[in-house]
There are 2 protein chains.
Amino acid sequence: MNYGRTYNFSAGPAMMPEPVLEEIRDEMMNYRGSGMCVMEMSHRSKVFQQIVDEAEADLRALMNIPDNYKVLFMQGGATLQFAAIPWNLMKNGKAVYIETGAWSKKAIAEAKKYGEVIVAASSKDRNFSYIPDVSDLDIPEDADYVYICENETIHGLTYQQLPNTKGHILVSDQSSMFLSKPCNVADYGMIYAGVQKNVGPAGMSVIIIREDLIREDLDPKMPVYMRYDIQAANGSMYNTPNCWAIYCCGKVFHYLREIGGLEEMARRNEEKAKILYDFLDSSKMFRGTVEKKDRSLMNVPFVTESAELDAEVVKATKAAGYDNLKGHKSVGGLRASIYNAMPKEGVVALVEFLKKFEAEYNK
Amino acid sequence: MNYGRTYNFSAGPAMMPEPVLEEIRDEMMNYRGSGMCVMEMSHRSKVFQQIVDEAEADLRALMNIPDNYKVLFMQGGATLQFAAIPWNLMKNGKAVYIETGAWSKKAIAEAKKYGEVIVAASSKDRNFSYIPDVSDLDIPEDADYVYICENETIHGLTYQQLPNTKGHILVSDQSSMFLSKPCNVADYGMIYAGVQKNVGPAGMSVIIIREDLIREDLDPKMPVYMRYDIQAANGSMYNTPNCWAIYCCGKVFHYLREIGGLEEMARRNEEKAKILYDFLDSSKMFRGTVEKKDRSLMNVPFVTESAELDAEVVKATKAAGYDNLKGHKSVGGLRASIYNAMPKEGVVALVEFLKKFEAEYNK
């Protein structure tokens, strides 16, 4: 149906699948005969417990999550996890971080409050335009984990190969690539993602953590809300969770399974990204800012020759109905975020528009 | 319109105004010509900033919030605030708490992690069935604040008069009474409330705090997410907030203004509560568990002579379409939560049902 919806290239919160939004709309006044909206349901009720259980079951099926991993739904975004991760996982008070952009930098700054942080590799020297070599890192024996931001939303780069952790636990922030392609959960000790980029409404993080990493011998000063052991023991309902986000994300998990799962998402995302990168590589006006080998499937930053022209393009795209294309200030230029819910047609239309803009400009 | 909606007596999440839900439904696919659902909007976009600004403006108007108070929207529920409050507000490392039920108890337990907690009054001796005398508390000179849970959701009691803090700052958890009646904000240093009881969807707390209480000289170990100074300096958007909750709560704030503001809510809530309490006081089968002078307008716990009969009544109410009336395990019996959005008709219908049940039982 035509709702006059725009192609929204926001880096997050971002587009959601239209059929999911329609379902949510249709269940607003009375969810499946319960007599209430999901926003009105007691989180201790059977009807809501079923929503949580189904959401988790669909996510587990989608990602093939092994039984020895817990799934947690927590509030506070990746920002709260930046503190929760070192506080919960550091036993020896030491961890290795890879610095690849704005989000790993923030994670590093926060982790330093709770222990020693060793930055074993960084791409800071060229404004985070590439993923450093992580095949042979210098990792102390007693490091508690190796941390990566697997897709840097702002700088637009992603890992093609996971770091060689030399037997250490890998912790990955997958916020801006969560569910964009198949993922072997067993390669990680913990995966987490703010859902507002590639899944649903802001206000929730999904945490997938190997059970044996959940400890009880924690700093007594840690807020009870941030303790993974408490959250896990209470099925993410020690206190009232973000029920609405669980409901909406559950619908997206289910929808992704229905349309073919993560293999199909990878196929679609590669197809979409190729259309955009091929154009950037052939254009004389626009160029991508990231080394080709490390380009993100999800966030595509690009620039023209000048900030003035960048601004002109952003203005023109907005006027033409392509929203949120302005690049982040730390990279400049433009950025197209093309998450799971962005249809191929949106990318094709944007490329056509940029081609036309370039042609007009060169007339 | 008749959507087959039930009278939902949940203690929270709980009923929301039907006209608000209709508006949300109607804006789902395309919010006011923006081309997107609010869940899809960048939190840095103009269209969303307007939603935040309007929500705050409506709340300020509704509560007459003085200019020297900041309004923050944070995630993590009251549970995260239980830690954030002492950590942000304790300068001398000492605070006075009043213990009146489950929620003040939890706040006390958490605050002890961050400083000395003096429980200056308690009603623990009679299972929190009354508000202790708080007119002449023993408050150390150097106490940083006096803390109350102004309405205990589980035990169903509320303050008729605020404590005499003897010049100290008053901090109040208003979660289960927020916006239920007029409130003189200037009487408090800080008011906060999880919105999932009397306003909107779970996953957000509103914090109203006097500017001069917001400090920057804080424990470096505090997670950046929990710092009131950072949240205030960034308009609650240091990271992505719970955008959906801000949107929905903003609509409720606006709706409350339209139907007459907090004076009108107080009138309606007193009328509804009187219907239920009058019945309990006249019944031979049911009785309220709280001292009359301290009864909550919002949460009405009541019991029969036995746990078996309690269970029978709960089952019968559920079958008759009155939902979530089972009392909390720490009080037993039944509990009817009759927040702002519960229509008078719902309370009348419940009372009629209970009257009939009692009559049938005594036949």
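Predicted model: local features only at pLDDT ≥ 70, side-chain atom pairs only at ≥ 80, totals over all residues.
The peptide bond leading from B:Gly12 into B:Pro13 is cis, with omega near -10 degrees. In chain A, a cis peptide bond likewise joins A:Gly12 and A:Pro13, with omega about -10 degrees, and A:Pro13 lies in the loop between β1 (7-8) and α1 of chain A. For context, most residues other than glycine have a negative phi, and most peptide bonds are trans.

Residues are numbered from 1 along each chain as its sequence is written, and chains are lettered from A and ligands numbered from 1 in the order in which they are written. Chain A averages a pLDDT of 97, with 100% of the residues scoring at least 70, where pLDDT is the predictor's confidence in each residue, from 0 to 100; the model as a whole scores ipTM 0.98 and pTM 0.98.

Turning to where the chains meet, 56 residues of chain A are in contact with 56 residues of chain B, contact meaning that the C-beta atoms of two residues, placed from the backbone, lie within 7 Å. On the chain A side, the elements giving two or more residues are α1, α3 (77-89) and α6. That side divides into 27 nonpolar, 22 polar and seven charged residues, with Ala, Val, Leu, Ile, Met, Phe, Trp, Tyr, Cys and Pro counted as nonpolar, Asp, Glu, Lys and Arg as charged, and the others, Gly among them, as polar.

One residue to look at here is A:Gly203, in the loop between β9 (190-194) and β10 (205-210) of chain A. A:Gly203 is buried, with 30 other C-beta atoms within 10 Å; a residue is buried if 20 or more other C-beta atoms lie within 10 Å of its own, exposed if 12 or fewer, and partly exposed in between, with C-beta atoms placed from the backbone. Leaving out residues up to four places away in sequence, A:Gly203 touches residues of both chains, including A:Gln75, A:Asn242, B:Gly203 and B:Trp244.

Within chain A, helix α2 (residues 46-63) packs on α6 at an angle of about 40 degrees, with their axes 8 Å apart, the axes being lines fitted to C-alpha atoms, for helices over the stretch in contact, and angles running from 0 to 180 degrees between N-to-C directions. The residues of this contact divide into 13 nonpolar, two polar and three charged. Helix α1 (residues 18-26) and helix α6 (residues 243-258) of chain A have axes that come within 10 Å and cross at roughly 135 degrees.

Finally, two residues other than glycine have a positive phi: A:Lys166, near 55 degrees, and B:Leu179, near 65 degrees.

How values were computed. Helix = DSSP H or I, 4+ residues; strand = E, 2+ residues; numbered from the N terminus.
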